[in-house]
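Subject: The model, and what turned up in it

Hi there,

Here is the structure I promised to pass on. Please open it alongside this email, and my notes follow just below.

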Amino acid sequence: AKEFRYVTVMRNPIDRVYSQFFMYKKLKENISNHGLILTLKTQIAFKNLACQYYSGLIDEIVDERIFNIAKENLNKFFFIINFDSFEKDLKKLFNKLNVSSKIPIDHKNKSVYKKISHEEKEVIEIYNYWDLKLYEHFKKNIKTELSKI
């Protein structure tokens, strides 16, 4: 049987949701007439999406059980790239895999947004409580393991 190794990218949930909102607006998804706060209140895709995906329970309302499944699954990844140090972490991954890291790394989808307001940040935090916990777990427990590489 083949052995698979899984790699993922973790991003600060506040930055991810804020970016996701503007990406949806740019793509003219169902949120084009709604502001960020109304979108957070009405769209499940903006609520604890990392926990939904890492648990495998997409479109579910995240609770402690789903968070714990996501956390257990995240712990099984071969490598996790921190979006904030993407290039550095990608080079670590290449090194770990003994792959030449002379490949240029170019972030093609990079966008610039207006600064997030205090109110918007608070609402993102409220609706992404579990994702913030998962991100803290990653930063505290998993990230330290990667720094040994």
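A word on terms before the tour: helices (H or I, at least four residues) and strands (E, at least two) are DSSP runs, numbered from the N terminus.

Two notes on how the values were made. This is a predicted model, in which local features need pLDDT of at least 70 and side-chain atom pairs count only at pLDDT 80 or more, while totals for chains, interfaces and linings use all residues. Residues are numbered from 1 along each chain as its sequence is written, and side-chain values use heavy atoms, with hydrogens and water left out.

**Confidence**

The predictor's confidence in each residue is its pLDDT, from 0 to 100. The protein averages 88, and 89% of the residues score at least 70. Helix α3 (residues 49-55) has the highest confidence, at 98, and helix α7 (residues 129-147) the lowest, at a mean of 85. Where pLDDT is low, the predicted coordinates should not be read in detail.

**Overall layout**

The protein has seven helices and two strands. Reading from the N terminus, the order of the elements is β-α-α-α-α-β-α-α-α. Buried residues (under 20% relative accessible area; exposed is over 50% and partly exposed is in between, with a 1.4 Å probe and protein chains only) make up 36% of the 149 residues. A contact means heavy atoms within 4.5 Å. Of the contacts with a separation of 6 or more, 63% are between residues 24 or more positions apart.

**The two strands**

Two strands pair if DSSP finds at least two bridges between them. Here four bridges join strand β1 (residues 7-10) to β2, and the two run parallel. Val7 stands opposite Phe79 in β2, and Val9 stands opposite Ile81. In β1, Thr8 and Met10 form a covered face, whereas Val7 and Val9 form an uncovered one. What about strand β2 (residues 79-82): which residues point one way and which the other? Phe79 and Ile81 point one way, Ile80 and Asn82 point the other way, and all are buried.

**Helix α1 and its partners**

Two packed helices are described by the angle between their axes and the distance between the axes. Axes are lines fitted to C-alpha atoms, for helices over the stretch in contact, and angles run from 0 to 180 degrees between N-to-C directions. Helix α1 (residues 13-26) packs against helix α6 (residues 118-127) at an angle of about 110°, with the axes 10 Å apart. The pair is therefore roughly perpendicular (65 to 115 degrees; under 35 counts as roughly parallel, over 145 as roughly antiparallel and the rest as oblique). On the α1 side the contact is made by Pro13, Ile14, Val17 and Tyr18, and on the α6 side by Glu120, Lys121, Ile124 and Glu125. By class, this contact has five nonpolar, no polar and three charged residues. For those classes, Ala, Val, Leu, Ile, Met, Phe, Trp, Tyr, Cys and Pro count as nonpolar, Asp, Glu, Lys and Arg as charged, and the others, Gly among them, as polar.

The partners listed here leave out neighbours up to four places away in sequence.

- Ile14 counts as buried because its relative accessibility is 10%. Ile14 is in contact with Ile116, Lys121, Ile124, Glu125 and Leu132. The C-alpha atoms of Ile14 and Lys121 are separated by 6.7 Å, although the two are 107 residues apart along the chain.
- Arg16 is at 18% relative accessibility, so Arg16 counts as buried. Arg16 touches Arg11, Leu49, Ala50, Asn128 and Asp131.
- Gln20, at 7%, also counts as buried. Gln20 is in contact with Ala45, Phe46 and Leu49.

In α5, the residues Asp89, Leu90, Lys92, Leu93 and Phe94 are buried. Is Lys96 buried or partly exposed? Lys96 counts as partly exposed, because its relative accessibility is 35%. After α5 comes Asn98, whose phi is positive, near 55°.

Finally, Asp63 has 34% relative accessibility and so counts as partly exposed. From Asp63 to Trp130 is 7.5 Å, C-alpha to C-alpha, for two residues that are 67 apart in sequence.

Best wishes
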